Amino acid sequence: MESSPQMVHERGGQEETPQPQAGPSGASAALAQEIAELWGEHLGSPGVGPQDDFFALGGNSLAGIKIIERVLLDHGVRLSVRDFYLAGTPAKVAQLIEQGRAGT
């Protein structure tokens, strides 16, 4: 059974989201950079880039869970731990967030 990111609406309504600007990975470059900065905060590694690998940066399960929680709070998208780890880079996590926003 495949999982997919889920959009969470605090008040149960639908929200309009702006169309993402396509980047090399298909995800918004700004969103990928925002996720990279989030990773830098939680991994104690400033200067994380959109293509940097979570585990190569010293990522662990605790940091992963904290990042997943922040994504839910900041973007309203619930990522599974499996999807987060398989994504592996901020750019791919940004794609998951956009998929969750789109409901795909």
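How many aromatic pairs does the structure hold?

Analyst: The model is a predicted one, and the structure holds 7 aromatic pairs. One of them joins W39 and F54 in an edge-to-face arrangement, with 5.3 Å from centre to centre and 75° between the planes. An angle over 60 degrees is what counts as edge-to-face. W39 sits in helix α1, residues 29-43, while F54 sits in the loop between α1 and α2 (61-75), so the pair ties together parts that are 15 residues apart in sequence. Both W39 and F54 are buried. The two residues also belong to one aromatic cluster, together with F55, F84 and Y85.

The axes of α1 and α4 lie 8 Å apart, and the two helices pack at an angle of about 120°. That angle makes α1 oblique to α4, because the roughly perpendicular range ends at 115 degrees and roughly antiparallel begins over 145. On the α1 side, the contact is made by L31, A32, I35, A36 and W39. On the α4 side, P90, A91, V93, A94, I97, E98 and R101 take part. The crossing of α1 past α4 is right-handed.

Now α4 itself. This helix covers residues 90-102, which is 13 residues. From its first C-alpha to its last, α4 reaches 18 Å, close to the 18 Å expected at 1.5 Å a residue. The buried residues of α4 are P90, A91, V93, A94, L96, I97, E98 and G100. Of these, P90, A91, V93, A94, I97 and E98 are buried and also take part in the contact with α1. After α4 comes G103, with a positive phi near 75°.

To place this part in the whole: the protein has 4 helices and 2 strands, and along the sequence they follow the pattern β-α-α-β-α-α. The protein has 104 residues, of which 37% count as buried. Among contacts in the protein with a separation of 6 or more, 61% are between residues 24 or more positions apart.

In short, W39 pairs with F54, is part of the aromatic cluster, and is one of the α1 residues that make the contact with α4.

How values were computed. Residues numbered from 1 in each chain as written. Predicted model: local features only at pLDDT ≥ 70, side-chain atom pairs only at ≥ 80, totals over all residues. Heavy atoms only, no water. Phe/Tyr/Trp six-rings, centres within 6.5 Å; stacked < 30°, edge-to-face > 60°. Buried < 20%, exposed > 50% of the residue type's maximum accessible area, 1.4 Å probe, protein only. Expected span 1.5 Å × (residues − 1). Axes fitted to C-alpha atoms, helices over the stretch in contact; angles between N-to-C directions. Parallel < 35°, antiparallel > 145°, perpendicular 65-115°, else oblique. Left-handed = near helix turned anticlockwise from the far one by under 90°. Contact = heavy atoms within 4.5 Å.
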